[in-house]
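User: I'd like to learn how to read a domain interface and a ligand site. Could you walk me through one?

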Amino acid sequence: MDKIPNLLKEHYDLEITNILPQRGGWAALAFKVYCGKQAFFLKVYEKSRASTPKWTALIDQYVPITVWLMQHSGLKGKLPVPVPTQTGDYKCENDEGIYLLYEYIEGETIGEKALTAGQIGELLNMIAELHLYGEEIPVETKALKEDFTVPFLPQLRVALDREVCTLPRDLKELITPHLKQVNELAGTVEKLSVDLKSRNLRMALCHTDLHPWNLMQSGGQLMLIDWEGLKLAPVEADLMFLIDEPYYDDFAHIYRKVHHDFAINPDVLQFYRYRRKLEDIWEFMEQLLFDRQEAQERATTLNHLSKELNEISG
Ligand SMILES: Nc1ncnc2c1ncn2[C@@H]1O[C@H](COP(=O)(O)OP(=O)(O)O)[C@@H](O)[C@H]1O
Ligand SMILES: [Mg+2]
């Protein structure tokens, strides 16, 4: 457990006086670390996890964009503030993990609570503001540009087609009754992926993971956190999270004031919705196939996967 203080001393010149584990998200562990009275939020991607390369590959590309947004857009004060290392990097690493340090946000995660009318308004304005920015900003966005490739699709196909007989028994039993639906979904996503590549679609900066666990209320401010998914993409990548909400009509009203000629492209929307479903399914499968898990943890993952599979078959 000395590793974290040593690492933070080496890269940030911080003397850590206390470390408290926090409830993290799916992909990373989280700690509240104290340097005297000052608190930081440390996100740790364990190198032992199969999903880590995917979540950490673009840190050097997306963090500078969030920094630009917090300096130059209406999102000032609404985004988590990264703490650079002594050499100006936004991450550091050791044998065990990849580490990102942020200023600690004192406040409450929205999570399972319902958003208030005020918070909904703030969220909608944030999204409308974010979508004003695109590849013209003076920070490189190329690496984050949507190309409609679905990197996990070939792996998923192999696991379902060729290797289904070699899957662990619990996973095989769970997935077999849903094979047809999953394959159909994969087929639709593949087709849309090819089709959308050849279209000339308007793109803007998108968060791509808008859910209440990525929203925090801090003092008078609603904050949008967890920008790992930041992309230059058609705005449907964000709108898919809002479209089924009861406040979608209010959103469309606010949004059109800023984005006058906006209309949802149903193919793009379908691509993002289906891809997200497959991605969630694949992430749980990936955990079951490749991560070392305790029995309890494995049971939880199986349960999550079962819910996802029932949803697409329902
Ligand atoms: N800067 C921060 N300060 C305090 N708490 C935070 C901060 N960033 C995230 N959190 C909390 O940690 C949780 C997980 O963080 P998040 O960035 O969403 O990670 P993940 O990528 O694992 O979902 C959030 O739901 C929130 O409760
Ligand atoms: Mg999150």
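Analyst: We'll take the domains, then their interface, then the ligand.
This is a predicted model, where local features need pLDDT of at least 70, side-chain atom pairs count only at pLDDT 80 or more, and totals for chains, interfaces and linings use all residues. Residues are numbered from 1 along each chain as its sequence is written, chains are lettered from A and ligands numbered from 1 in the order in which they are written, and side-chain values use heavy atoms, with hydrogens and water left out.

User: Which domains does the protein chain have?

Analyst: Domain bounds come from an automatic or database domain assignment. Here that gives domain 1 (1-104) and domain 2 (108-314). Their C-alpha centres are 23 Å apart, and the contact (heavy atoms within 4.5 Å) takes 26 residues from domain 1 and 30 residues from domain 2.

User: How much area do domain 1 and domain 2 bury between them?

Analyst: The size of an interface is often given as the accessible area lost when the parts come together. Buried area is what two parts lose that way (1.4 Å probe), summed over both. In this case it is about 2,400 Å², with 69% on carbon and sulfur atoms. On the side of domain 1, Ile 65, Trp 68 and Lys 78 lose the most area, together 24% of what that side buries.

User: How many salt bridges are there between domain 1 and domain 2?

Analyst: Side chains of opposite charge can pair when their charged atoms come close. The rule for a salt bridge is a side-chain nitrogen of Lys or Arg within 4 Å of a carboxyl oxygen of Asp or Glu. The count between the two domains is five, and the structure holds 24. Look at Lys 54: its closest N and O atoms with Glu 279 are 2.5 Å apart, and with Glu 283 they are 2.7 Å apart. Glu 283 sits in helix H10 (residues 266-290) and Lys 54 in helix H2, so this pair ties together parts 229 residues apart in sequence. Helices are DSSP runs (H or I, at least four residues), numbered from the N terminus.

User: Which residues are closest to ligand 1?

Analyst: A residue counts as near if one of its heavy atoms lies within 4 Å. By that rule 18 residues surround ligand 1, the closest being Lys 43, Ile 105, Thr 109, Trp 213 and Asp 226. For Trp 213, a backbone N or O atom lies 2.7 Å from a ligand oxygen atom.

Key: A polar contact is a pair of N or O atoms within 3.5 Å; within protein, one must be able to donate a hydrogen and the other to accept it, and residues adjacent in sequence count only if both atoms are side-chain atoms. Helices (H or I, at least four residues) and strands (E, at least two) are DSSP runs, numbered from the N terminus.
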